[in-house]
Amino acid sequence: MTTRTCAIIGTGAIAGAHAEAIAALPDRARLVGVVDVQPDRAASFAATWNVPSYPTAADLFDARRPDLVHLCTPPGTHLPLALECLAAGASPVVEKPPVLSLAEFDRLRAAEADAGVPVATVFQHRFGSGAVRLRRLLAEGVLGRPLVASAHTLWFRDDDYFAVPWRGRWDVEGGGPTMGHGIHQFDLLLSILGPWSSVTAIAERQARPTDTEDVSAALVRFRSGAVATVVNSLVSPRQTSQLRFDFEHATVDLEHLYGYTNANWSLTAGPDVTSAWDSDPTDVPSGHTAQLTAVLDALDNGEAPPVSTADTRVTMEFVAAVYASSFTGRTVTQGEITEGDPFYASMAGTGAPWLRQPAR
């Protein structure tokens, strides 16, 4: 194993989870610097983790040559920072959503290929032991064919949450809960059920002072024949994250809020399936440490780190399809949103069917 040097750009709330993940793997990863546009916040974070702070990414790269750079900044900054990382030979580990549109994502993929340096998206719910076990048993045929599923992210964010200038705006956040909140749950759903084929959706702005939606709901068909519902909400006072999978031989449920352990999963099935489910007692919580471990394993083995840009594009195209279906009133099929389509250039596409909020 190699000890990889890491840096963090953006020292807001989520940066702490990244720093903790790095610290949890001392023989494999080492934090060597942080960057933030707010000097006081950068200095405080750097003091907490006993590393130097730098005013810009360029200053970081002049002083250090980190192997991995964790991008924890607002979504609208991800693409330029990721491109800067790639030019410096560092692998970006990009928080969700990785970019603002399919057009930006394809630009990132092209830069990744040109640089020969891999990019990873942070979708940490894929890496808890419950999800790993579910994918394995499905691949082994233990569960039978997937039939029906759901991924419901029912969260609550009040008006004050959107007082932060970059929140709730298409041009800097890229979308509402479909883009920035529920994406973790339905990314997990997609990682289990495989390629999707069509989406029929609605999105609404029910209550929040935003340009973006605060609720969306989608009916999804998969190539396997399975169907699923995906609901994303920021107006639900009783918060929960719920996933359910109905297979031929079992129902598997997951309910949590921002992260899960094995205790959050339940199985309804006959003895043979139950025995297979219980055969692996490993309990790895979903989270940044689990994904960073998988990233480091892949790099040590000379493989692309998860979640690769190929995997992430499936999820980003799904997001675009939800918005395209919601704002045009038609079913959107996989592969139809291409260059020249308004929803390729922006998740807002032809525009949300409600009035824009006054500038903040």
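**A walk through the model**

Tutor: Gladly, and let us begin with helix H6, which covers residues 129-139. Its buried residues are Ser129, Gly130, Ala131, Arg133, Leu134, Leu137 and Leu138. Keep in mind that this is a predicted model.

Student: What covers the buried residues of H6?

Tutor: An α-helix has 3.6 residues a turn, so residues three or four places apart point the same way. In H6, Leu134, Leu137 and Leu138 are among the buried ones. Their cover, and that of the other buried residues of H6, includes strand S7 (146-156), helix H9 (183-193), strand S11 (235-247), strand S12 (250-256), strand S13 (265-269) and helix H10 (271-278).

Student: Which residue just after H6 takes a positive phi?

Tutor: Follow the chain just past the end of H6. The phi there is about 85°, and the residue is Gly141.

Student: S7, S11, S12 and S13 are strands. In what order do the strands of the 8-stranded open sheet stand?

Tutor: Strands of a sheet pair through backbone hydrogen bonds, either parallel or antiparallel. In this sheet the pairing is mixed. S13 and strand S14 (332-333) are at the edges, each with a single partner strand, so one side of each has no neighbour in the sheet. Reading across, the order is S13-S12-S11-S7-S10-S9-S8-S14.

Student: Which residue of S11 is the bridge partner of Ala151?

Tutor: S7 and S11 pair in the antiparallel sense, over 9 bridges. Across from Ala151, the partner in S11 is Leu243.

Student: And what is the order of strands in the 6-stranded open sheet?

Tutor: Here the pairing is parallel. The edge strands are strand S3 (53-54) and strand S6 (120-121), each pairing on one side only.

Student: Is strand S1 enclosed or open to the outside?

Tutor: In a regular strand the side chains alternate between the two faces of the sheet. On one side of S1 sit Arg4, Cys6 and Ile8, on the other Thr5, Ala7 and Ile9, and all are buried. With 6 of the 6 residues of S1 (residues 4-9) buried, the rest of the structure leaves this strand largely enclosed.

Student: What is the handedness of the crossover from S1 to S2?

Tutor: Between S1 and S2 the chain passes through helix H1 (residues 13-23), making a β-α-β crossover. Its hand is right-handed.

Student: How are helix H5 and helix H12 oriented to one another?

Tutor: The axes of H5 (residues 102-115) and H12 (residues 309-328) come within 10 Å and cross at roughly 170°. Angles over 145 degrees count as roughly antiparallel. That makes the orientation of H5 to H12 roughly antiparallel.

Student: How do the residues of that contact divide by type?

Tutor: H5 contributes Leu102, Phe105, Asp106, Arg109 and Glu112, while H12 contributes Thr309, Ala310, Thr312, Arg313, Met316, Glu317 and Ala320. Between H5 and H12 the division is 5 nonpolar, 2 polar and 5 charged.

Note on methods. Residues numbered from 1 in each chain as written. Predicted model: local features only at pLDDT ≥ 70, side-chain atom pairs only at ≥ 80, totals over all residues. Heavy atoms only, no water. Buried < 20%, exposed > 50% of the residue type's maximum accessible area, 1.4 Å probe, protein only. Helix = DSSP H or I, 4+ residues; strand = E, 2+ residues; numbered from the N terminus. Right-handed = clockwise from strand over helix to strand, strands pointing away. Contact = heavy atoms within 4.5 Å. Pairing = 2+ DSSP bridges. Axes fitted to C-alpha atoms, helices over the stretch in contact; angles between N-to-C directions. Parallel < 35°, antiparallel > 145°, perpendicular 65-115°, else oblique. Nonpolar A, V, L, I, M, F, W, Y, C, P; charged D, E, K, R; others polar.
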